[in-house]
Amino acid sequence: MDAQGIELFFIPDMYPAGDEHVLVHEVTGRIVPEGGIPLHVGVVVSNVQTLINIAQALEGQPVTDKYVTVTGEVGKPSTVKVPIGMLIDEILLLAGGTTVREYTVIDGGPMMGKLIQKDATIRKTTGGIIVLPQDHSLVVEKGLTWPVISNRAKSVCCNCRACTDVCPRNLLGHRLEPHRIMQAIGRGQINESEVLSKAFLCSECGACDTYGCSMGLSPRRVNAELKRQSPVQVLETPIMKNPKAPVLIVSSGEYQPSDYYIVWVWTSMNIRHP
Ligand code: SF4
Ligand code: SF4
C-alpha cells in the first residue's frame with residue numbers, strides 16, 4: 001500500500017469480473033467460501049456508483065439518477081446520466097435512436113441481461129441496456145421458455161462436463177457442478193435438496209452457456225429457474241447454518257482490521273449528461 005493507503009489493482013479484461021467472488025480472488029488471492037460473502041474473508045466490495053450515492057446521501061441528496069450505458073443498434077452508443085423512471089424509448093433517443101426498425105431491448109449485459117419491454121423504465125438497478133435486432137441469437141436464446149430449456153436439457157445433454165470445467169465458481173473450489181445439475185434434470189431429480197442447494201451457488205454468469213456447452217444448452221437458465229422455483233430460499237451450506245462452522249473452502253485464518261480490503265470497482269466510461 002502506498003502513503004495514501006490506496007493501491008490500484010488493474011485487472012485484465014476478463015469475465016466475469018463483476019462476480020465479487022472472482023474479483024476478491026483476483027485482487028487478494030482469498031476465496032470467499034461458498035454461500036458466503038466477501039466480508040467472510042475480510043473484504044468489502046463496492047462499485048463507484050454506490051460510493052457516489054453514499055457521498056450524495058450524506059449531503060442529503062437521494063438517489064434519483066443513474067449512469068446507464070446504451071449500446072448495440074443505436075446511432076451513438078454512450079453512457080448517459082438519466083433519471084430513474086425514464087422510459088427506455090426516451091433513453092434510446094439520447095443515444096441517437098435505433099438503427100434497426102424491429103428491435104428488442106436487453107436490460108443488462110449480453111451474458112446476464114434480461115429481455116424487457118420497450119415501454120419499461122430505468123430502474124435503480126439498471127446499469128446498461130443493449131438494443132438488438134429481434135432475430136439476434138441472444139434475443140432468441142433469452143426468449144426461450146422453461147419447458148423448452150428443460151426438455152432440451154433432458155434430451156440433448158451428453159454430460160460431457162464442459163460447463164463445469166469453465167464454471168468460475170467451480171474453479172474457485174465451490175461444489176457447483178452444472179453438469180450434475182443437468183444430469184439431475186434428465187433424471188427428474190430437480191426437487192432434491194442437494195440439487196437445489198448447488199443451484200443456489202450459481203452466480204448466473206453464463207460462462208457455462210457461452211464458453212462451455214457446445215450443444216446450445218443453458219445450465220445458467222436451469223440454475224436460475226431452479227432457484228426461482230425452489231421453496232427453499234436459504235442455501236444450506238455450513239457457513240449459512242453456522243457462521244463459525246468449518247467450511248469447504250477454508251480461508252487463511254482470522255483477519256485483523258489491518259488485513260481488511262475495500263475493493264472499489266471502477267469501470268472506465270465515457271459519460272454524457274443529457
Ligand atoms: S457442457 Fe452442455 S452437454 Fe456438456 S454437460 Fe454441460 S450442459 Fe451437458
Ligand atoms: S452460470 Fe454457469 S458458469 Fe456461471 S456460476 Fe452458474 S453454473 Fe457456473
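Is the crossing of α8 and α11 left-handed or right-handed? I looked at this pair of helices and noted that their crossing is left-handed, the term being used where the near helix is turned anticlockwise from the far one by less than a right angle, with clockwise giving right-handed.

**Entry 1: what I am working with**

I am reading a predicted model, in which local features need pLDDT of at least 70 and side-chain atom pairs count only at pLDDT 80 or more, while totals for chains, interfaces and linings use all residues. Residues are numbered from 1 along each chain as its sequence is written, and chains are lettered from A and ligands numbered from 1 in the order in which they are written.

I found 12 helices and eight strands in the protein chain, where helices (H or I, at least four residues) and strands (E, at least two) are DSSP runs numbered from the N terminus. Of the 274 residues in the protein chain, 30% are buried, meaning that 20 or more other C-beta atoms lie within 10 Å of a residue's own, whereas 12 or fewer make it exposed and anything in between partly exposed, with C-beta atoms placed from the backbone. I also noted that 64% of the contacts in the protein chain with a separation of 6 or more are between residues 24 or more positions apart; a contact needs C-beta atoms, placed from the backbone, within 7 Å.

Going back to the opening pair, I read an angle of about 70° between α8 and α11, with their axes 10 Å apart; axes are lines fitted to C-alpha atoms, for helices over the stretch in contact, and angles run from 0 to 180 degrees between N-to-C directions. That angle makes α8 roughly perpendicular to α11, since the word covers 65 to 115 degrees, while under 35 counts as roughly parallel, over 145 as roughly antiparallel and the rest as oblique. The contact is made by Pro178, Ile181, Met182 and Ile185 of α8 together with Pro219, Val222 and Asn223 of α11.

For α11 I listed the buried residues as Pro219, Arg220, Arg221, Val222, Asn223 and Leu226, and what covers them includes α5 (146-156), α6, α8, α9 (193-199) and α10.

**Entry 2: the two ligands**

Which residues come closest to ligand 1? I counted 15 residues around ligand 1, the closest being Cys157, Cys160, Cys163, His179 and Cys213, where a residue is near if its C-beta atom, placed from the backbone, lies within 6 Å. At least two residues of this shell come from each of α6 (162-165) and α8 (178-186), and α8 gives the largest share, three residues. The shell around ligand 1 divides into 11 nonpolar, three polar and one charged.

Around ligand 2 there are 15 residues, of which Cys167, Cys202, Cys205, Cys208 and Arg220 come nearest. I noted that α7 (168-171), α10 (207-212) and α11 (219-229) each supply at least two residues of this shell, with the largest share, three residues, coming from α11. The classes around ligand 2 are nine nonpolar, three polar and three charged.

**Entry 3: proline 16 and α1**

I placed proline 16 in the segment before α1 (20-28), and with 19 other C-beta atoms within 10 Å it is partly exposed. Leaving out residues up to four places away in sequence, proline 16 touches Val22, Pro168, Ser203, Cys205 and Ala207. Proline 16 and serine 203 are 187 residues apart in sequence, yet their C-alpha atoms are 9.6 Å apart in space.

In α1 itself, the buried residues are Glu20, His21, Val22, Leu23 and Val24, and the helix is followed by glycine 29, whose phi is positive, near 80°.

Note on methods: Nonpolar A, V, L, I, M, F, W, Y, C, P; charged D, E, K, R; others polar. Contact = placed C-beta atoms within 7 Å.
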